[in-house]
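The sequence and structure come first, and the points follow by topic.

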Amino acid sequence: QNCFASTWHSITSDHTGNPNGYMMVINASYERGVFYTEVVRNLCAGTTFQFSAYLLNLLRNSTCPGSAILPDITFLIEKTDGTVIGSLNTGPIASSAIPTWLQYGFVFTLPAGLNEVVLKIKNNADGGCGNDIVLDDIQFKPCGPAVSAGINGFPTDTAGHCSGAAMQYVFSGTATNFYRNPGYQWQQFINGVWTDIAGANSLQYSLSFPAQALPGKYFYRLSTAETENMASVKCRVASQQLMVNILEGPSVNAGPDKTIIAGDMVQLNGSASGDSIIHRWINSGNISDVNSLQPRVNPPADETFILRIQSMAGCGTVEDSVFVKVFPDIYFPNTFTPNGDHKNDRWVIKALEAFPVYQLKIYNRYGQEIFSDSGGRIPWDGKYKGGDAEPGVYVYFFKPANSTRFKKGTLLLLR
């Protein structure tokens, strides 16, 4: 990049490094004098402020060697009648080989009853080769006492308890002697905004959490200002934040019961929630990983698996179980009697529960499809197209997905 035939630095961002940030470039006039004036309103009366701004000498140090004009800036804070409240002169700002931001600032106190000032920025150097600057980030920051806060009985800024229990905390704050008539206000951080807590206007604040309080992290702080300025949040200074952490107790679900054929494996679907928890299946055998919430198991016979969840924060231990039914094999009855006596009226294949996906089809002696079930575990009731199927011999085909247990056989329907 080439700015003024490389006599200026190429500035690609503001002083924060933001390439889209705004700043003011000043190519100084040949005449000395004020080049920037702004009325700053809604300040805090009777408050001490820190004024600051960033400046950068645009001229490269290789330009106009020995004769470069260095910027020399004065910041003035005045009343609207021109009375000077505070000022700062930078002196000559040296040029550099690379762009170099410098912050300048000073402290001033607004008289009581005054909430606006006039900011003036004055050029004290002549025009010519040099005296070109960039101005960024003018700030008025209220000064105040050193404010700190703590939670009684806790050595750090954090306290906590388990959900489901009522708890009370006492916050205590301190502030160094700074304001003539200090006011205090405890605040809670809600939805991204520090919000005043009604009635919490002293150095101590007692906070009660009901047993129904939701788990989560709650943040608080103490703010202070001159009493006359407490209504303006920007006039306050604040302590560090305090945190109350309501820990979610452990909960567990071992998942739905399972059915398998002996020799097969099935995956359990356990789940758990809570803060600082560990989980483990109590069973030591027939399980792929006791520390996994969703292990695979292959018990040789019916077995109950127990999932235990423990809170490492002292919020308790819970358990839940899942039952795995094991069929020796899949058995297809060879006869059923759908005659309405409620005895053997349906063709029930119990072990179908072991197959999540399958195709079961029944055909008559003419090759017509009489019944079909695609994983619904629907027993045949001996009906065909709304009427009773004829007594006789039928052929069935069973084809499960992801399994080699294909079955074919005959079925006798009697009435």
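Buried means under 20% relative accessible area, exposed over 50%, and partly exposed in between, with a 1.4 Å probe and protein chains only. The model is predicted: local features need pLDDT of at least 70, side-chain atom pairs count only at pLDDT 80 or more, and totals for chains, interfaces and linings use all residues. Residues are numbered from 1 along each chain as its sequence is written, and side-chain values use heavy atoms, with hydrogens and water left out.

- Helices (H or I, at least four residues) and strands (E, at least two) are DSSP runs, numbered from the N terminus.
- Phenylalanine 140 is in contact (heavy atoms within 4.5 Å) with Val40, Leu43, Phe49, Gln50, Phe51, Ile77, Phe108, Val117 and Leu119, leaving out residues up to four places away in sequence.

**Pockets**

- A pocket is defined on a 1 Å grid over the protein atoms alone, as an open set of points where a 1.4 Å probe fits, with protein on both sides within 12 Å along at least five of seven lines; lining residues have an atom within 4 Å of a point.
- The largest pocket has a volume of about 350 Å³, where volume is the space filled by probe spheres set on the grid points, joined across faces, edges and corners.
- Its lining has 16 residues, with Met265, Ala354, Phe355, Pro356 and Ala401 nearest the centre.
- Strand S19 (residues 258-261) supplies the largest share of that lining, three residues.
- The second largest pocket holds about 230 Å³ and is lined by 13 residues, of which Asn364, Arg365, Tyr366, Glu390 and Tyr394 lie nearest its centre.
- Strand S31 (residues 392-400) gives the most to the lining of the second largest pocket, with three residues.

**Disulfides**

- The structure holds three disulfides, each a pair of cysteine sulfur atoms within 2.5 Å.
- Counting bonded cysteines along the chain, the pattern is 1-5, 2-3, 4-6.
- Cysteine 44 and cysteine 235 are bonded, with sulfur atoms 1.5 Å apart, and their link is left-handed at -95° about the S-S bond.
- Cysteine 44 lies in the loop between S2 and S3 and cysteine 235 in the loop between strand S15 (216-226) and strand S16 (237-238), so the pair ties together parts 191 residues apart in sequence.
- Cysteine 44 and cysteine 235 are both buried.
- Cysteine 64 and cysteine 129 form a disulfide with sulfur atoms 1.5 Å apart; the link is right-handed, with 80° about the S-S bond.
- Cysteine 64 is partly exposed, at 21% relative accessible area, and cysteine 129 is partly exposed, at 29%.
- Cysteine 162 is joined to cysteine 315 (S to S 2.0 Å), with a torsion of about -90°, so this disulfide is left-handed.
- The sulfur of cysteine 143 is 11 Å from the closest cysteine sulfur, in cysteine 44, too far for a bond.
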